[in-house]
Amino acid sequence: MSRTALRICPLCEATCGLTLTIEGTRVTGARGDRDDVFSRGFICPKGASFGAVDGDPDRLRGPLVRRDGELREATWEEAFDAVAAGLRPVVERYGPNAVGVVLGNPNVHTMAGALYPTVLLGALGTRSVFTASTVDQMPKHVSCGLLYGDANAIPVPDLDRTDHLLLIGANPLESNGSLCTAPDFPGKLKALKARGGTLTVIDPRRTRTAKLADRHIAVRPGTDALLLAAMTYVLYDEHLVELGELAPHVQGVEELRAAVRDFTPEAVAGACDVDADEIRTLARELAAAPTAAVYGRIGSCTVPHGTLASWLVDVLNILTGNLDRPGGALFPQAATDRTPRPAGPGHGFALGRWHSRVSQYPEAKGELPLSALAEEIDTATAEGEPIRALIAVAANPVLSAPDGARLDKALDSLDFMVSVDPYLNETARHADVVLPPPPPSQSPHHDFAFNTLAVRNQVRYTRPAIPLEPGRMAETEIFARLILAATGMHGADPAAVDTMVVDQTLGKAVKDPNSPVHGRDPREIAAQLAGETGPERRLDMMLRLGPYGDGFGVRPDGLSLEKLLAHPHGIDLGPLASRLPQPLKTRSGKVELLPQPIVDDLPRLRQAMGDRADGLVLVGRRHLRSNNSWMHNVPALTGGTNRCTLHIHPEDAERLGVTDGAQVRVKGAGGEVTAPAEITDALRRGVVSLPHGWGHDRPGTRLSHAATDPGVNVNQLLDGSLLDPLSGNAVLNGVPVEVAALSAPL
């Protein structure tokens, strides 16, 4: 007999509410939850395939431990014994930095991934930290850190109320949004147009989003920052700067005028391949709109000037008075945010507090570039020990980082590696221990990270839809035991990790004069926590201490876990609202419009005005039925348009003698790949496109469906040397490549 259960979808950043159909212990269907306070019934193909993702037969059911060179099934006790025996000697002999930690994209889609990695990193004390952020979004974190003093204070477009939306390097009809959590992004764009608003898309490809736009600008890849700088120049030149109510909170307006004086539309037009008059029109339309928002994403981050482009997105919102106002770009307020502190100067944001050992790349937000992981393992220097052990959590950098072939070899040289992953994928196959979390239906869910980026304030929580199967271990317990094994406390009660965090958090809260529990007994407060598990008690604590919380009795109508459980479809907390100056943590207490690291990087952008790449350049692309490298093993989400093909313009194809469907060789600085050509005029001349996340052709994996149509790893075309210097983000777009028919020499 079937039943239904609610579940928040963990398969992309939209976080849609689902109603699952369950027969026994198997999810047999998924539809949108019409009563969900945020998604209102919207569902995409990934969410509709939740059951297939959840029940993938290639998901590991228990841990694997390497014995005699082979990964074999083991008990959980044997697995954590092996973790302790493998990690602790490395730490004790070589120091904590000899243990690297890699956190992948799916990590932020789980409760465990939000609650435990910071505890692991703090307990280990390692600075060898790498995440998917440096092949994706780090430029936005860095630019916001410099502007607002907090790398996580990221304003999002007020999609439901704006009159004018300018998207650059973003394709939300395929990606469902990124660093902007918005269920039914396509519907919101259509609603914008229906109410008379304007949609402008800047992208070298005529994506599905671009087809919907009122204006599509096919900019040359990698020149986003130049185009945005020229728009900024126009605002000053034509006296269109109008900060409005922002003015008291912003410093550096006149200094910025001088900093952009060289970036005239005429000066950048050649490099961008966009007419100067069109650049002026973009700026004028933005300034004239009653409300407007500029939103940039991965296409504008994964380029040589990614941080400058991300900074200029916010600069345009600020100079037109659209930051922190309804209809513009606003700062969300998540229910689990820390208790808001009074507005005033903060500690600010610093870059380069330490550097990578080999290439001396500066850290950003506590992370080193993922592109540097291979050299940090395989290269000896006098600057300290190489990475000798690695903890990989939901990460597949062999496919997601540049030059996967080098990293593939480097991973084989490690003394020890542990992977927390449901699959034996291209990276996990190197591990000595694999710890597989259960499928999402058997896990609780709350979006700690994505609610800080949501286009409407709301809070939702779903308990596991299906009880944990015998032999499985909750992902939260896996993390807790991993922390204990890695830090010399192997064998201790895993519940001690949650208890420690609760004690530390409440101990600080009672000493904070801005906290609702200031001056109270932390033991008395801890005794009031609700929840069936340690993670639920931590969620209850965060909700009750947060901006909407009950403050442990101080605000009786406030949030708590008990109240949230009584609202299974979530609680709507209202539209985004103006919050400045409270989110600012800069040393001045203001928006610092022209921070020094930006000033220091502008000469490099000026130099780019004279650059015009000859030959072909490469860009990536997104597929609606895919999410990086971790969904190609689900038959329902592959095939059709979700194929690993090289998009090439008809004129370029004719010039190179390439025919549709024929195999072509693509060569870059890091290597070459062979893929079928797909001739299309959906991208501009001189640009070719390969999707990200493919290349499932390595031996030793257990991805049976993905292996039948493996595709090629686009990141193998990169050698890892091209980085945005401020953020350490890999340059994945606008890189030169050579393309030839398979029968022709390169």
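**Exercise 1. Determine which residues serine 689 touches, and state whether serine 689 is buried or exposed.**

Solution. The structure is a predicted model, in which local features need pLDDT of at least 70, side-chain atom pairs count only at pLDDT 80 or more, and totals for chains, interfaces and linings use all residues. Residues are numbered from 1 along each chain as its sequence is written, and side-chain values use heavy atoms, with hydrogens and water left out.

Step 1: serine 689 lies in strand E25 (residues 687-689). Helices (H or I, at least four residues) and strands (E, at least two) are DSSP runs, numbered from the N terminus.

Step 2: serine 689 counts as buried because its relative accessibility is 0%. Buried means under 20% relative accessible area, exposed over 50%, and partly exposed in between (1.4 Å probe, protein chains only).

Step 3: a polar atom of the serine 689 side chain lies 3.4 Å from the backbone oxygen of valine 619.

**Exercise 2. Locate serine 178 and identify its contacts.**

Solution. Step 1: serine 178 belongs to the loop between helix H7 (172-175) and H8.

Step 1: with 12% relative accessibility, serine 178 counts as buried.

Step 2: apart from neighbours within four places in sequence, serine 178 is in contact with Glu13, Tyr295 and Arg297.

**Exercise 3. Describe the open sheet of four strands and the helices that pack on it.**

Solution. Step 1: the strand order is E11-E10-E9-E13, with parallel pairing; two strands pair if DSSP finds at least two bridges between them. Strands E11 (215-217) and E13 (293-296) stand at the edges; each has a single partner strand, so one side of each is left without a neighbour in the sheet.

Step 1: strand E9 (residues 164-168) pairs with E13 over four bridges. Isoleucine 168 has glycine 296 as its bridge partner in E13.

Step 2: helix H15 (residues 306-319) packs on the sheet and touches E9 and E13, its direction making about 175° with that of E13. Helix H8 (residues 185-194) lies across E9, strand E10 (198-202) and E13, at about 135° to E9. Axes are lines fitted to C-alpha atoms, for helices over the stretch in contact, and angles run from 0 to 180 degrees between N-to-C directions.

Terms used:
Polar contact = N/O pair within 3.5 Å; in protein donor to acceptor, adjacent residues only side chain to side chain. Contact = heavy atoms within 4.5 Å.
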